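Me: I would like to go through this structure with you. Could we begin with the terms and then move to the details?

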Amino acid sequence: MKVILLGIAIILFGIAIISVYSSTGLGYSSGTIIGFGISILGLIVSIVGCLINYDK
């Protein structure tokens with residue numbers, strides 16, 4: 001399940017990069033920048049979640 005979530009986070013991060021650095025100028029709107037920051041945060045959380053193993 002963690003690997004599936006990591007894959008989804010990588011795909012969303014790629015979409016965010018494409019929209020921020022597109023030639024249409026979407027990177028200048030504040031909503032796109034905020035979304036890009038949230039996708040970076042989600043990618044970091046997914047990577048850390050895959051690396052940390054905890055026992056209940």
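This is a predicted model: local features need pLDDT of at least 70, side-chain atom pairs count only at pLDDT 80 or more; totals for chains, interfaces and linings use all residues.

Me: Which residues of H2 are buried, then?

Reply: In H2, the buried residues are Thr32, Phe36, Ser39, Leu43 and Ser46. Viewed down the axis of H2, these buried residues lie within an arc of 90°, so they line one face of the helix.

Me: What does the face turned away from the buried side carry?

Reply: That face of H2 carries exposed residues, namely Ser30, Gly31, Ile34, Ile38, Leu41 and Val45.

Me: Why does Ser46 count as buried?

Reply: Ser46 has a relative accessibility of 16%, and the cut-off for buried is under 20%, so Ser46 counts as buried. Ser46 is located in helix H2, which covers residues 30–51.

Me: What is Ser46 in contact with, leaving aside its neighbours within four places in sequence?

Reply: With those neighbours set aside, Ser46 contacts Leu5, Leu6 and Ala9. Helix H1 (2–20) is included in what covers the buried residues of H2.

Me: How do H1 and H2 pack?

Reply: Their axes are 9 Å apart, and the packing angle is about 155°. Angles over 145 degrees count as roughly antiparallel, and H1 and H2 are therefore roughly antiparallel to each other. The crossing of H1 and H2 is left-handed.

Me: Which residues meet there?

Reply: On the H1 side, they include Leu5, Leu6, Ala9, Phe13 and Val20. Among those they meet in H2 are Thr32, Phe36, Ser39, Leu43 and Ser46.

Me: Changing topic: is Ile18 buried or exposed?

Reply: Ile18, which is placed in helix H1, counts as exposed because its relative accessibility is 61%. Ile18 and Phe36 are separated by 18 residues in sequence, and their C-alpha atoms are 9.9 Å apart in space.

Me: What about the span of H2?

Reply: The 22 residues of H2, at 1.5 Å a residue, should span 32 Å. The C-alpha atoms at its ends are 32 Å apart, which agrees with that expectation.

Me: And the chain overall: how many helices and strands?

Reply: The protein chain has two helices and zero strands. Of its 56 residues, 18% are buried. Taking contacts between residues at least 6 apart in sequence, 60% join residues at least 24 apart.

Definitions and conventions: Residues are numbered from 1 along each chain as its sequence is written. Side-chain values use heavy atoms; hydrogens and water are left out. Helices (H or I, at least four residues) and strands (E, at least two) are DSSP runs, numbered from the N terminus. Buried means under 20% relative accessible area, exposed over 50%, partly exposed in between (1.4 Å probe, protein chains only). Contact means heavy atoms within 4.5 Å. The expected span of a helix is 1.5 Å times one less than its number of residues. The arc is that of the directions from the helix axis to the C-beta atoms. Axes are lines fitted to C-alpha atoms, for helices over the stretch in contact, and angles run from 0 to 180 degrees between N-to-C directions. Angles under 35 degrees count as roughly parallel, over 145 as roughly antiparallel, 65 to 115 as roughly perpendicular and the rest as oblique. A crossing is left-handed if the near helix is turned anticlockwise from the far one by less than a right angle, and right-handed if clockwise.
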